[in-house]
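Thanks for coming, everyone. I'll take one chain today and go through it quickly. Have a look at it first.

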Amino acid sequence: MAAPGENLRINGERLWDSLMEMARIGPGIAGGNNRQALTDEDAEGRALFQSWCESAGMTMGVDEMGNMFARREGTDPEALPVYMGSHLDTQPTGGKYDGVLGVLGALEVVRTLNDLDIRTKHPIVVVNWTNEEGTRFAPAMLASGVFAGVLDRDWAYAREDGSGKTFGAELERIGWKGDETVGARKMHALFELHIEQGPILEAEGKDIGVVTHGQGLRWIQCTVTGKESHTGSTPMPMRRNAGRGLALITELVHEIAMSHQPNAAGAIGHIDVYPNSRNIIPGRVVFTVDFRSHVPEVLSAMLEEFGEKAPQLCEEIGVSLETEIVGQFDPPAFDEGCVATIRAAAERLGYSHMDIVSGAGHDACWVNDVAPTAMIMCPCVDGLSHNEAEEISPAWAAAGTDVLFHAVVETAEIVD
């Protein structure tokens, strides 16, 4: 496969303008975004993305999970498409770049191909995956998981948000439930550009992260049940404090992750306390433990230790513990050929780079099960993400998209 010339670059200013225009949809309260999956804001962002894709000469397909696929034709109608993209949905207090850079960077690749009148043998498809964040409908990467065949479509439709609304009903309500069978598409390869969401690239002074592996994860939803009672009149020895169970398990999760360094992470993020009143001892606490590692044996060992120790801690203080796995995927090793293509593109373009393991889950981690897949990362300031203060520079965005351009176009094969 012929590689694009090193002088070929995307239009960084146009890319940045697109990022800023998308960020106007679903603004947060502190400079970021709140464009959660299947909200009206998500629908508005999708419509803008579709209009841009159609203006770039692409045709749009939508599957039963609301995944959006914008296609630029290749010269060989029999050749499998090369896919690239990420997600447009955000956290409730999300940044302007997490996921969005991967979608709009992919759109910029197509716009640049049009500018340069470059044709490829393989079709190229820009994808926006539905509900990557999992903040409204757990688990994360829900629609790409159904696409890859690891999650059931009807199970996904039945997932509920905090107000009892289901994924399937909300997908229909916003008008983005397509009729294309989810998972029917076949891919030649998929590339996903994403911000690092960690501090390594910036600390090392590298322009590009060549992602070789992703972290596996397990989300364990825990329900600690005690007994609600008055905080002032209930004697300390007679309390069954579910909040104390949360506290003990929080420390346990930290200890487990620390004991498996350097290849492990663990924390508790989502917490609901009932009845959440100032002068009532919590009778029930529901929270999610997030364990991650790119080493399968480490992930298994952490789960085993948690399963042994957490119930004991609760029993000792007179509360009960119920657990359920609500999100999981095994650590992916990305396709060596795709990874090598990304690394060569960074070299050809003169960008400093390093191999990296993704600390977060991404749609590419599921798609890796059904197609050759790899990821490109660019730095983000202080490694901050899932925060409205998330920030990248225009130069970082352009560098990552330049590498995406070269990797995708080389894989799709330029036609003279």
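Let's start with disulfides: the count is 0. Keep in mind that this is a predicted model.

Take Cys314. Its closest cysteine sulfur sits in Cys222, 8.2 Å away, so that pair is too far apart for a bond. Cys314 is also buried, at 1% relative accessibility. Now Cys378. Here the closest cysteine sulfur belongs to Cys380, at 7.3 Å, and again that is too far for a bond. Cys378 is buried as well, with 0% relative accessibility.

Next, the domains. How is the chain divided? Domain 1 takes residues 12-214 plus 331-412, and domain 2 takes 216-329. Their centres, over C-alpha atoms, are 33 Å apart. At the contact, domain 1 contributes 13 residues and domain 2 contributes 11. About 940 Å² is buried between the two, and carbon and sulfur atoms give 74% of that area.

UniProt, in an unreviewed entry, lists residues 215-308 as "domain: Peptidase M20 dimerisation". In the model, that span is 32% helix and 36% strand. Its end C-alpha atoms lie 23 Å apart.

On to helix H2, residues 40-55. It has 16 residues. From first C-alpha to last it reaches 23 Å, close to the expected 22 Å. Which of its residues are buried? Asp42, Ala43, Gly45, Arg46, Leu48, Phe49, Trp52 and Cys53. What covers the buried residues of H2? The cover includes helices H1 (12-23) and H3 (100-116). It also includes strands S1 (59-62), S2 (68-72) and S5 (124-128). Just after H2 comes Gly57, with a positive phi of about 85 degrees.

Where does it lie? It is in the loop between S5 and helix H4 (142-147). Thr130 is buried, with a relative accessible area of 1%.

Key. Residues are numbered from 1 along each chain as its sequence is written. This is a predicted model: local features need pLDDT of at least 70, side-chain atom pairs count only at pLDDT 80 or more; totals for chains, interfaces and linings use all residues. Side-chain values use heavy atoms; hydrogens and water are left out. UniProt positions are given in the numbering used here, feature names are shortened, and annotations may be inferred rather than shown by experiment. Helices (H or I, at least four residues) and strands (E, at least two) are DSSP runs, numbered from the N terminus. The expected span of a helix is 1.5 Å times one less than its number of residues. Buried means under 20% relative accessible area, exposed over 50%, partly exposed in between (1.4 Å probe, protein chains only). Contact means heavy atoms within 4.5 Å. A disulfide is a pair of cysteine sulfur atoms within 2.5 Å. Domain bounds come from an automatic or database domain assignment. Buried area is the accessible area (1.4 Å probe) that two parts lose on being put together, summed over both.
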